[in-house]
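Here are some notes to read alongside the model, written for someone opening it for the first time. Keep the 3D view at hand and go through the points in order.

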Amino acid sequence: MIAFDRGPARFNYRIVGIALHNNQVLLHKAVHERFWALPGGRAEMLESATETLRREMREELGLAVQVERLVWIVEDFYWDAARKTHELALYFLMSLPPDCALYTSPGPFKGQEEHNPLIFQWFPCADLEQITLYPTFLQRALKSLPAGIEHIVIDETS
């Protein structure tokens with residue numbers, strides 16, 4: 001995975017998937033976490049962003065997703081435990097297989113990330129302000145995706 005520490009700080013390269021269905025978005029969280037996020041994961045060396053997203057969805061949900069288009073390039077500065085993190089993330093619109101059982105069930109759904117159990121669930125885009133979702137810009141931005149690619153810089157360290 002492409003992540004490294006420099007002194008007290010960490011750099012993280014993350015690839016993220018946006019799955020929308022009936023004005024709802026698919027979010028996930030680790031069982032022990034109190035916040036939600038869009039699914040995805042860290043890229044491996046010499047792996048393209050779209051390959052990363054496909055691999056992560058196969059590993060976490062057992063699904064073969066279709067990567068549609070790049071939506072956001074996000075630079076996010078935040079605290080992770082006791083260290084500042086600089087994350088560079090690519091957010092892609094993705095489609096689940098048409099016959100996917102996740103479309104017809106409200107969830108939650110179980111997933112797995114290595115030894116870390118995950119929970120996946122659909123949330124109405126109109127109600128995202130009611131949950132803890134990171135990065136926080138997603139609470140508004142997921143209600144209306146841009147037609148082109150947007151570059152977003154977020155500093156959540158203060």
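Predicted model: local features only at pLDDT ≥ 70, side-chain atom pairs only at ≥ 80, totals over all residues.

The points below go through one lysine, some aromatic pairs and some salt bridges.

1. Let's start with Lys29, which you'll find in strand E3, residues 24–30. Lys29 is buried, yet it has no salt bridge. The nearest side chain of opposite charge belongs to Glu33, and that is 8.0 Å away. A salt bridge here needs the nitrogen and the carboxyl oxygen within 4 Å, so Glu33 at 8.0 Å doesn't qualify as a partner for Lys29.

2. What does the side chain of Lys29 reach, then? It gets to the backbone oxygen of Glu33, at 3.0 Å. The charged end of Lys29 also sits over the ring of Trp36, 5.5 Å from the ring's centre. If you set aside neighbours within four places in sequence, Lys29 is in contact with Phe35, Trp36, Pro117, Leu118 and Ile119.

3. Trp36 leads us on to the aromatic residues. The count comes to 7 aromatic pairs. One of them is Trp36 with Phe123, an edge-to-face pair at 4.8 Å centre to centre and 65° between the planes. Trp36 is in the loop between E3 and strand E4 (40–42), while Phe123 belongs to strand E8 (residues 116–124), so the pair links distant parts of the chain, 87 residues apart.

4. Under 20% is what it takes to be called buried.

5. Next, have a look at Trp72 and Tyr91. Their ring centres are 5.8 Å apart and their planes are at 75°, so this pair is edge-to-face.

6. Now for the charges. Side chains of opposite charge can pair when their charged atoms come close. How many salt bridges does the structure hold? There are 5. Among them is Arg55 with Glu56, where the closest N and O atoms are 3.0 Å apart. Arg55 and Glu56 are both buried.

7. Arg55 has another partner: its side chain meets that of Glu59 in a salt bridge, 3.3 Å from N to O. Glu59 and Arg55 are separated by about one helical turn, because they are 4 residues apart in helix H1 (residues 49–61). Glu59 is partly exposed, at 48% relative accessible area, whereas Arg55 counts as buried at 12%. Taken together, Glu47, Arg55, Glu56 and Glu59 are linked in a network of salt bridges.

8. Finally, check Glu129 and Lys143, which form a salt bridge with closest N and O atoms 2.7 Å apart. Glu129 lies in the loop between E8 and helix H2 (138–141), and Lys143 in the loop between H2 and strand E9 (150–155), so the pair ties together parts that are 14 residues apart in sequence. Glu129 counts as partly exposed at 38% relative accessibility, and Lys143 is partly exposed with a relative accessible area of 42%.

Note on methods: Residues numbered from 1 in each chain as written. Heavy atoms only, no water. Helix = DSSP H or I, 4+ residues; strand = E, 2+ residues; numbered from the N terminus. Buried < 20%, exposed > 50% of the residue type's maximum accessible area, 1.4 Å probe, protein only. Lys, Arg positive; Asp, Glu negative; His and termini not counted. Polar contact = N/O pair within 3.5 Å; in protein donor to acceptor, adjacent residues only side chain to side chain. Contact = heavy atoms within 4.5 Å. Phe/Tyr/Trp six-rings, centres within 6.5 Å; stacked < 30°, edge-to-face > 60°. Lys NZ or Arg CZ within 6 Å of the ring centre and 35° of its normal.
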